[in-house]
Amino acid sequence: MVKEKGYFIRVPDDIVSRLDLNTEHELTMTIQDNRLILTKTTAKSDWRQYLGSAIVTLLSSIGLLIYWLINGINEVKLTGSYSIASFVIVMGVLTGSLVFGVTFIKQRRIENTAASKLYWRNFPTIIISFAVILLLVLTGVFWLLGSLFTGASLDCWTATIIFLLFNFISNCCMLLVARSFDSVRLITLFAMVIVSGVVIAMAANGQRHWWQYNLSFLGTNSATSSWQFNFTLIIAAFILIALIDYLFVSLHELYPNNWRLLTLRILLMLLAIDLGAVGLFPNNSNLHILHDRVATYLVYLIIILIIGIRWLLPQVTREFLSISYGIAAALIVMAIAFQVVGYLSLTVFEISAFILAFTWIVMLFRRLQLLTQESFAINTFKISLTQLVTDEDEG
């Protein structure tokens, strides 16, 4: 009998325990850019994981068909009130949130998963945030379909099939998101919520020439659907709190009792609370002074974070510091151009400052997320290779 030639790789015991490995696990080996990458093989996808989504979709579709038949609705419009679009959007968000919630709770019970490191207080925020994203996606899809098939209507049986397909896809997407939940998706969720909310508010107030006032006009009583803009800021604040909780739980394991990280966490929490306060207190006449104060505090907090990041963030890189100081310099130059020179308008100054500050915050959280991933690289260890010997070589 001839054994396969090769090498053993000896991995330290602490790494084996961290990854929860045993002799039955298989590791995938990848060679990339002169690097040898070992990856723990995940379990293959099982069709049974979609069974719950299929049952929920089937029950909601049957219920909708019965509703249409009882009320004598033989034809259903593609878009509009009581249309396929309205039912898909409402039921899709409800059933999708249900599937996401149940799957997320199951994932949270599994040790060493990303969901298990999230506090229960952040659970409602996560569900609402993903539900909002699903709502925006479904609304955009049916807006496009409504533009392509203007005035289209279908019989109730065909409409039910279309509803079933869209509902099942929505539920499966929410299921996969819940199963693959991690800090990267939280950062992406934060960016998507705040960007989509602000852009939609801008588009909705295009006829009101909001840019002639300021960015805060989008949240005032004079704006169209101002609650959407304010709601976006509040939800984004809750997502930030969830992201801070999640990341700093992992960082605490790597840097226990680190006062610098504790200070950074407090500053980021204050930033999140202040961001929510900007949406909670819109720039109306009765809340103008309060709104200006919390908005000013937001600027101060970002400046403090940028200046102090050299001492507060472990393993900070020169590239990140250079970008941070570059953004700080750009903010100072724009402030001088606006307040002293009078070159920039208030709207241009607010939008430019918002983009720069938002970009830096996303970069900071990305850096914190990478720091949690680099936990294994903090303590360098050696891997010993032992050559395998065949029976023929032994003979």
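Student: Which side chain makes a polar contact with the side chain of Thr 95, and at what distance?

Tutor: The partner is the side chain of Asn 171, at 3.0 Å. A polar contact here is a pair of N or O atoms within 3.5 Å, where within protein one must be able to donate a hydrogen and the other to accept it, and residues adjacent in sequence count only if both atoms are side-chain atoms. Some ground rules: this is a predicted model, so local features need pLDDT of at least 70 and side-chain atom pairs pLDDT 80 or more, while totals for chains, interfaces and linings use all residues. Numbering runs from 1 along each chain as its sequence is written, and side-chain values use heavy atoms, without hydrogens or water.

Thr 95 counts as buried because its relative accessibility is 7% (buried is under 20%, exposed over 50%, partly exposed in between, with a 1.4 Å probe and protein chains only). Skipping neighbours within four places in sequence, Thr 95 is in contact with Val 56, Ser 60, Asn 167 and Asn 171 (contact means heavy atoms within 4.5 Å).

For a charged pair, look at Asp 245 and Arg 265. They form a salt bridge, with the closest N and O atoms 2.9 Å apart (a side-chain nitrogen of Lys or Arg within 4 Å of a carboxyl oxygen of Asp or Glu). Asp 245 is in helix H7 and Arg 265 in helix H8 (residues 259–280), so the pair ties together parts 20 residues apart in sequence. Asp 245 is buried, with 0% relative accessible area, while Arg 265 is partly exposed at 22%. A search of the whole structure finds one salt bridge.

The largest nonpolar core has 94 residues, and Phe 248, Leu 264, Leu 268, Trp 360, Phe 365 and Leu 368 touch the most other members (buried Ala, Val, Leu, Ile, Met, Phe, Trp, Tyr and Cys residues joined through side-chain atoms within 4.5 Å). Helix H7, residues 226–254, gives this core its largest share, 15 residues. Leu 268, leaving out neighbours within four places in sequence, is in contact with Ile 244, Phe 248, Leu 305, Leu 364, Phe 365 and Leu 368.

Zooming out, the chain has 13 helices and six strands, and 39% of its 395 residues are buried.

Notes
Helix = DSSP H or I, 4+ residues; strand = E, 2+ residues; numbered from the N terminus.
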